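Subject: Structure handover

Hello,

Here is the structure we discussed, with the sequence. My notes on it follow below.

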Amino acid sequence: MDLSRRELLTASAVLLASPKAALSGVGQAAGAKAAGAGAQAGAAVTGAGAGAKPIVLCWNENPYGPSPAARAVISGTIPGACRYPDEEINQLVELLAHTEGVSADHIVVGSGSGELLCALGLLHGRNGGEIIAAGPTYEELTNYAKHAGAQLKFVPVDKQLNHDLTAMRAAVSDRTRAIYVCNPNNPTGTAISAASIRSFVASVPESVTTIVDEAYLDFADSSDVRTVSDLVSGGKRVVVLRTFSKIHGMAGVRCGYGIARPDVAAEIAAARMSSPNIFAMRAARASLGDKAFLADTRRRIIASRTRITDELTRLGFAYAKPQTNFVFFDTGAPLERFDRFMKARNMLVGRLFAPYSNWCRITIGTEPEVEAFIQGLRAYGGKRAAAA
Ligand SMILES: Cc1ncc(COP(=O)(O)O)c(C=O)c1O
């Protein structure tokens with residue numbers, strides 16, 4: 001039985017509320033409705049009955065968030081929720097502009113960066129516009145653009161599962177309207193250097209928009225992997241996207257933003273479908289100021305990532321060099337086997353990303369969740385070794 005994304009998200013919310021309880025299978029009274037749905041999801045996954053909630057390691061969420069400051073602001077905002085948030089939007093835009101070192105007309109906020117990806121897909125894909133992206137990559141922009149009639153060109157990632165910018169440049173034609181560069185890339189977790197993106201942008205025609213999605217950049221630790229947001233002041237059509245769903249741990253709050261030349265930012269703003277909500281605007285401002293939380297999250301995720309890659313190395317599983325809060329690795333057999341094995345241990349892992357039919361994307365959860373994953377991986381590795 002397939003789980004709907006909604007059920008999974010509900011299950012995840014329960015986990016985030018109480019990861020330890022979820023791990024040990026101890027039921028919690030908190031949030032009866034959510035717990036019920038979570039139990040249902042757990043039962044569907046494991047057949048283990050009511051109370052068994054899955055460990056959700058498939059959506060690249062950050063289980064440590066929202067930050068303490070953002071939580072406090074969200075609760076305190078309830079009385080203000082009867083008001084339209086125009087002033088709150090302006091305040092966040094001003095803060096983001098200050099943080100990014102640009103004027104406010106360079107910033108466009110959205111209900112998640114996903115909304116901005118959709119707007120960009122619509123703007124560049126309509127009337128048969130050609131859009132180039134890596135294969136595989138995050139598909140929110142390309143999927144949306146397809147509905148608008150876009151022609152999509154996917155350029156396979158290279159041997160290290162990284163963007164092949166040379167091949168992407170060679171794919172540019174006079175019909176090309178936009179190029180999507182997800183850096184670090186989802187689902188491979190790999191990242192390319194800021195310098196390589198800079199020379200790529202310099203080489204593309206003026207009319208082409210380069211969209212650099214930096215959703216996971218805060219988890220990168222390679223010294224040459226950095227933001228290229230300053231490129232928006234260089235005259236070219238460059239859009240840099242960020243989200244509050246990853247390092248800020250607010251995937252359910254829905255807030256993201258783009259940095260672009262003022263005319264490009266205005267085009268994106270005009271193509272949005274919704275307007276941001278007051279909780280997201282206030283929580284984002286609070287979270288930006290909670291530096292201790294952001295640093296702690298980064299430290300914990302990177303430490304767990306190292307634990308996972310060390311274990312993958314020890315067990316002989318190949319993986320792509322991760323710069324994200326997830327790891328993409330070769331399970332050595334069709335993914336469905338590993339998927340089934342982990343479901344039986346009450347863990348949900350990432351789906352198949354073609355053409356990598358043996359590979360799994362695993363989100364880095366809390367430390368106990370990572371421990372459970374590693375135990376599962378060892379058991380799977382042992383089984384694999386015994387069968388060989
Ligand atoms: C690369 C990338 N960009 C953007 C998003 C969308 O994030 P949100 O809409 O939550 O801001 C995601 C979500 O997983 C992602 O993986």
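To start with a strand pair: E2 and strand E8 (residues 256-260) run antiparallel to each other and are joined by four bridges. One of the residues involved is Gly110, whose bridge partner in E8 is Gly256. Strand E2 covers residues 107-110, with Ile107 and Val109 pointing to one side and Val108 and Gly110 to the other; all of them are buried. In a regular strand, side chains alternate between the two faces of the sheet.

Please keep in mind that this is a predicted model. The average pLDDT of the protein is 89, and 87% of the residues score at least 70. The exception to note is residues 1-50, where the pLDDT is below 50, although this stretch has 84 contacts in the model beyond near neighbours in sequence. Where pLDDT is low, predicted coordinates should not be read in detail.

Overall content

The protein has 14 helices and 11 strands. Of its 388 residues, 50% count as buried. Taking the contacts between residues at least 6 apart in sequence, 72% join residues that are at least 24 apart.

Helix H6

Helix H6 spans residues 113-125. At 1.5 Å a residue, its 13 residues should span 18 Å, and the end C-alpha atoms are 18 Å apart, so the two values agree. H6 is mostly covered, with 11 of its 13 residues buried. The buried set is Ser113, Glu115, Leu116, Leu117, Cys118, Ala119, Leu120, Gly121, Leu122, His124 and Gly125. After H6 comes Asn127, with a positive phi near 55°.

Asp213

Asp213 sits in strand E6 (residues 209-213). Is Asp213 buried or exposed? Asp213 counts as buried because it has 29 C-beta neighbours inside 10 Å, where 20 or more are needed. Leaving aside neighbours within four places in sequence, Asp213 is in contact with Tyr138, Tyr180, Cys182, Asn183 and Leu241. The C-alpha atom of Asp213 is also 8.8 Å from that of Leu117, a residue 96 places away along the chain. Leu117 is one of the buried residues of H6.

Helix H12

H12 covers residues 291-315. Its 25 residues should span 36 Å at 1.5 Å a residue; the end C-alpha atoms are 36 Å apart, which agrees. Its buried residues include Phe293, Thr297, Ile301, Ser304, Arg305, Ile308 and Leu312. An α-helix has 3.6 residues a turn, so residues three or four places apart point the same way. What covers the buried residues of H12 includes H4, strand E9 (326-330) and helix H14 (367-387). H12 is followed by Gly316, which has a positive phi near 85°.

Backbone geometry to check

Most residues other than glycine have a negative phi, and most peptide bonds are trans. The following depart from that pattern.

- Gly65 and Pro66 are joined by a cis peptide bond, with omega about -10°. Pro66 is in the loop between strand E1 (55-57) and helix H4 (68-76).
- The peptide bond from Asn183 to Pro184 is also cis, with omega near -5°. Pro184 lies in the loop between strand E5 (176-182) and helix H9 (194-203). Asn183 is among the contacts of Asp213.
- Asn60 has a positive phi, near 60°, and is not a glycine. Asn60 is in the loop between E1 and H4. Asn60 is buried, with 22 other C-beta atoms within 10 Å.
- Arg254 is not a glycine either, but has a positive phi of about 75°. Arg254 is in the loop between strand E7 (238-243) and E8. Arg254 is buried, with 22 other C-beta atoms within 10 Å.

Regards

How values were computed. Residues numbered from 1 in each chain as written. Predicted model: local features only at pLDDT ≥ 70, side-chain atom pairs only at ≥ 80, totals over all residues. Helix = DSSP H or I, 4+ residues; strand = E, 2+ residues; numbered from the N terminus. Buried ≥ 20, exposed ≤ 12 C-beta atoms within 10 Å, placed from the backbone. Contact = placed C-beta atoms within 7 Å. Expected span 1.5 Å × (residues − 1). Pairing = 2+ DSSP bridges. pLDDT = per-residue confidence, 0-100.
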